[in-house]
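Please look first at the sequence and the structure shown below. The paragraphs that follow go through them part by part.

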Amino acid sequence: LRIYQSDNGIDGWKYNTTILDKADGVRPGDDGIGHHPGIVIQGNGDREQCLVYYFTERGRRSLIQLAELKLAADGKPYCDRNAYPTTRP
């Protein structure tokens, strides 16, 4: 997922960064490139967070995944796919 930015949101779009482009997730099924993302913002004030839902593929199966979108110190967005690992029961 390539992320672009614009000063006015209409034109002058410039490339900023790419997220979900590496198959580096450790959760079950999250070891593929992220596809078809959707973004949800929840909470408010200091408790606001931006979540990215995306799909990975394993064979003929599509799996939905979730990661938090954050801003790095340089202002570029990033997702740490392994911030909230799960374990199998």
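Arg 27 is buried, with a relative accessible area of 12%; buried means under 20% relative accessible area, exposed means over 50%, and partly exposed lies in between, with a 1.4 Å probe and protein chains only. This is a predicted model, in which local features need pLDDT of at least 70 and side-chain atom pairs count only at pLDDT 80 or more, while totals for chains, interfaces and linings use all residues. Residues are numbered from 1 along each chain as its sequence is written, and side-chain values use heavy atoms, with hydrogens and water left out.

With which residue does Arg 27 form a salt bridge? The partner is Asp 30, and the closest N and O atoms are 2.8 Å apart. A salt bridge is a side-chain nitrogen of Lys or Arg within 4 Å of a carboxyl oxygen of Asp or Glu. Side chains of opposite charge can pair when their charged atoms come close. Asp 30 is buried, as its relative accessible area is 0%.

The structure holds four salt bridges. Another of them joins Arg 81 to Asp 24, with 3.9 Å between the closest N and O atoms. Because Arg 81 lies in the segment after S6 and Asp 24 in the loop between S2 and S3, this pair ties together parts that are 57 residues apart in sequence. Strands such as these are DSSP runs (E, at least two residues), numbered from the N terminus. Is Arg 81 buried or exposed? Arg 81 is buried, at a relative accessible area of 4%, whereas Asp 24 is partly exposed at 40%.

A further salt bridge brings together the side chains of Asp 31 and Arg 58, at 3.2 Å from N to O. Asp 31 lies in the loop between S2 and S3 and Arg 58 in strand S4, so the pair ties together parts that are 27 residues apart in sequence. Asp 31 is partly exposed, with a relative accessible area of 41%, and Arg 58 is partly exposed at 38%. Salt bridges that share partners join Asp 24, Arg 27, Asp 30 and Arg 81 into one network.

The strands come next. An open sheet of four strands runs in the order S3-S4-S5-S6, and its pairing is antiparallel; two strands pair if DSSP finds at least two bridges between them. Which strands form the edges? They are strand S3 (35-42) and strand S6 (77-79), each of which pairs on one side only. From one strand to the next, the twist averages 30°; axes are lines fitted to C-alpha atoms, and angles run from 0 to 180 degrees between N-to-C directions. S3 and strand S4 (residues 49-58) are joined in the antiparallel sense over six bridges, and Gln 49 in S4 is the bridge partner of Gln 42.

The largest nonpolar core consists of nine residues: Ile 3, Ile 19, Leu 20, Cys 50, Val 52, Tyr 54, Ala 67, Leu 69 and Cys 79. Such a core is a set of buried Ala, Val, Leu, Ile, Met, Phe, Trp, Tyr and Cys residues joined through side-chain atoms within 4.5 Å. S4 and strand S5 (61-71) each supply at least two of its residues, and S4 gives the most, with three. Leaving out residues up to four places away in sequence, Leu 69 touches Ile 19, Ile 39, Cys 50, Val 52, Pro 77, Tyr 78 and Cys 79; contact means heavy atoms within 4.5 Å.

Backbone angles deserve a separate look. Most residues other than glycine have a negative phi. Leu 20, in the loop between S2 and S3, has a positive phi near 60° and is buried at a relative accessible area of 6%. His 36, in strand S3, also has a positive phi, about 50°, but counts as exposed at 63% relative accessibility.

Finally, the structure holds one aromatic pair. Tyr 4 and Tyr 15 are arranged edge-to-face, 5.8 Å from centre to centre and with 75° between the planes. Rings of Phe, Tyr and Trp (its six-membered ring) pair if their centres lie within 6.5 Å; planes under 30 degrees apart count as stacked, over 60 as edge-to-face and the rest as tilted. The pair links distant parts of the chain, since Tyr 4 is in strand S1 (residues 2-5) and Tyr 15 in strand S2 (residues 14-18), eleven residues apart. Tyr 4 is partly exposed at 43% relative accessibility, and Tyr 15 is partly exposed at 47%.
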